Amino acid sequence: MAAGELVRQDPNTHLVEDVEHGYGVVVTGSGRLSVARAKEPVPPGLPFTPVQLTRLDEALTLSARATGLGFSVYLGDLGADSRAYAEELHTSIGAASTDSVLIAASPGQRKVEIVTGEEASRRVSDRGCNLAVMSMVASFKEGDLIGGLVSALRMLSDQAGRKH
């Protein structure tokens, strides 16, 4: 503070307030104001743009129509036992889970799981699921989350073939 300026000090916080400018502002020797502001964290937004969501929705719809299987995508934390949680999510689909494929991805944990129901597993092999996971991981490493998911859906539906 320059000599002769009006200031107040809060005895509880020991913050000094420049009466004219408020807390966090200091008039420098050259007369310039130096302002300190608290940085507010930006609230997290949606992970996808509307265009990306449309792309994912279209891939899910086309995969289901072409194969007759249900396809679902879960994106989020998979917990300590990612496989068990993914299987729990798949079971929560209900009666349709036998004809369903779930892609569960947790980019923050760097984990991906694919769960197939009893009927779906006859048309989608473990090898096909592994290839889809490798494709997703490659895209995820490049920062392309939607591209990885869409690519995996195409690979899995191609392997499952047309509905009978």
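Two strands count as paired if DSSP finds at least two bridges between them, and helices (H or I, at least four residues) and strands (E, at least two) are DSSP runs numbered from the N terminus. In these terms, S7 and S8 run antiparallel and are joined by 6 bridges. The model is a predicted one, in which local features need pLDDT of at least 70 and side-chain atom pairs count only at pLDDT 80 or more, while totals for chains, interfaces and linings use all residues. Residues are numbered from 1 along each chain as its sequence is written, and side-chain values use heavy atoms, with hydrogens and water left out.

An open sheet of 3 strands has the order S6-S7-S8 and mixed pairing. Its edge strands, each pairing on one side only, are S6 (70-75) and S8 (111-116). Neighbouring strands are turned against each other by 10° on average, direction ignored, where axes are lines fitted to C-alpha atoms, for helices over the stretch in contact, and angles run from 0 to 180 degrees between N-to-C directions. S6 pairs with S7 (residues 100-106) in the parallel sense over 6 bridges, and Leu75 has Ala105 of S7 as its bridge partner. Helix H4 (residues 126-141) packs on this sheet and touches S7 and S8, its direction making about 150° with that of S8; contact here means heavy atoms within 4.5 Å.

**Helices H1 and H5**

The axes of H1 (residues 50-67) and H5 (residues 145-160) come within 9 Å and cross at roughly 5°. H1 is therefore roughly parallel to H5, a label given to angles under 35 degrees, with those over 145 roughly antiparallel, 65 to 115 roughly perpendicular and the rest oblique. H1 contributes Gln52, Arg55, Leu56, Ala59, Leu60, Ser63 and Thr67 to the contact, and H5 contributes Ile146, Gly147, Leu149, Val150, Leu153, Ser157 and Ala160. By class, this contact has 8 nonpolar, 5 polar and 1 charged residues, where Ala, Val, Leu, Ile, Met, Phe, Trp, Tyr, Cys and Pro count as nonpolar, Asp, Glu, Lys and Arg as charged, and the others, Gly among them, as polar.

**Two pockets**

A pocket is an open set of points on a 1 Å grid over the protein atoms alone, where a 1.4 Å probe fits and protein lies on both sides within 12 Å along at least five of seven lines; lining residues have an atom within 4 Å of a point. Grid points are joined across faces, edges and corners, and a volume is the space filled by probe spheres set on the points.

| Pocket | Volume | Lining by class |
|---|---|---|
| Largest pocket | about 220 Å³ | 5 nonpolar, 3 polar and 5 charged residues |
| Second largest pocket | about 190 Å³ | 5 nonpolar, 1 polar and 3 charged residues |

Of the 13 residues lining the largest pocket, Ala59, Leu62, Ser63, Arg154 and Ser157 lie nearest its centre. H1 gives the most to this lining, with 6 residues. The second largest pocket is lined by Ser106, Pro107, Arg110, Lys111, Val112, Val137, Phe140, Lys141 and Leu145, and H4 supplies the largest share, 3 residues.
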